[in-house]
Amino acid sequence: MPGRIAVATGVTCCLGLIGVAGVGETGPAHLEVREAVADRAAADQRASRDFTRVAPPAAAALPPPAPTPGATATKKPPRKPVLPARPRPVAGLDQRQMDNAKAIVDVGREMKMPRRALVVAVATAMQESNLYNLASDVVPQSFDHPHQGSGSDHDSVGLFQQRPSSGWGAVAQLMRPAYAARAFYAALREVPGWKDMSVTAAAQAVQVSAYPDAYARHEKRATTVVSALV
């Protein structure tokens, strides 16, 4: 065979190229291998220089956290207007008189008495005590209890001038406006047909006053007071 016997040796390049070199051979094949190696090295260098770091993708916007049970704000119901503890006086009454009228009306409503009974009770107290809780000059122990003046009509005490000696109750009880009102309503209930009577007739049936027609003049004012309280 012409020429040298070439021994083929497999060469693995660090760049991943496998070349075949002829030992001691300087022919075209040798040149082609050298050129291919040189071209690959140049290409790798360009790729290394051109490589740029790319910023990591921006984190996707996370949805807002779901509200935990009980954390959601709840709309509070509107507050109800607070009524004054003491009613505003009407019909020419002062504050003490109006407070006593309220005590009478409150007891009547608690006892489920009709509105007319409230008017009868307030009109009666207007006539008997002018809506003041009165002690009695005849009953010294009545002054041991809260009072707003005094009278001297026998042993009559309180808003309705009820007499302990007539079985209305003890002095200490009758000096309490709520008790006195309750006793009046209980007696009114026992009057047959009181709902069909005039205010003055119903009041007189309970009080048995020496002036039976006196209650009538208080009906209009008593009605005004009751309207303001209910």
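## Burial and overall layout

Of the 230 residues of the protein chain, 30% count as buried, where buried means under 20% relative accessible area, exposed means over 50% and partly exposed lies in between, computed with a 1.4 Å probe on protein chains only. This is a predicted model, in which local features need pLDDT of at least 70 and side-chain atom pairs count only at pLDDT 80 or more, while totals for chains, interfaces and linings use all residues. Residues are numbered from 1 along each chain as its sequence is written, and side-chain values use heavy atoms, with hydrogens and water left out.

The protein chain holds 7 helices and 4 strands, which are DSSP runs numbered from the N terminus, with helices (H or I) of at least four residues and strands (E) of at least two. Along the sequence these elements follow the pattern β-β-α-α-α-β-β-α-α-α-α. Among the contacts in the protein chain with a separation of 6 or more, 53% are between residues 24 or more positions apart, a contact being heavy atoms within 4.5 Å.

## Helices α3 and α5

Helix α3 (residues 115–129) packs with helix α5 (residues 177–189) at an angle of about 125°, and their axes are 11 Å apart. Here the axes are lines fitted to C-alpha atoms, for helices over the stretch in contact, and the angles run from 0 to 180 degrees between N-to-C directions. The angle makes α3 oblique to α5, since angles under 35 degrees count as roughly parallel, over 145 as roughly antiparallel, 65 to 115 as roughly perpendicular and the rest as oblique.

On the side of α3, the contact is made by Ala 117, Leu 118, Val 120, Ala 121 and Thr 124, and on the side of α5 by Phe 184, Tyr 185 and Leu 188. These residues divide into 7 nonpolar, 1 polar and no charged, if Ala, Val, Leu, Ile, Met, Phe, Trp, Tyr, Cys and Pro count as nonpolar, Asp, Glu, Lys and Arg as charged, and the others, Gly among them, as polar.

## The aromatic cluster

A pair of aromatic rings is described by the distance of the centres and the angle of the planes. A search of the whole structure finds 2 aromatic pairs, counting rings of Phe, Tyr and Trp (its six-membered ring) whose centres lie within 6.5 Å, with planes under 30 degrees apart called stacked, over 60 edge-to-face and the rest tilted. The rings of Phe 160 and Phe 184 have centres 4.9 Å apart and planes at 15°, so this pair is stacked. The pair links distant parts of the chain, 24 residues apart, with Phe 160 in the loop between β4 (150–151) and α4 (171–174) and Phe 184 in helix α5.

The rings of Phe 184 and Tyr 185 have centres 6.1 Å apart and planes at 70°, so that pair is edge-to-face. Phe 160, Phe 184 and Tyr 185 form one aromatic cluster. Phe 160 and Phe 184 are both buried, and Tyr 185 is buried with a relative accessible area of 0%.

## Helix α6 and its surroundings

Helix α6 (residues 199–207) is largely enclosed by the rest of the structure, because 7 of its 9 residues are buried. The buried residues of α6, including Val 199, Ala 203 and Val 206, pack against α3, α5 and α7 (219–229).

## Positive phi values

Ala 91 has a positive phi of about 55° although it is not a glycine, and Ala 91 lies in the loop between α1 (28–50) and α2 (95–110). Ala 91 is partly exposed, with a relative accessible area of 29%.
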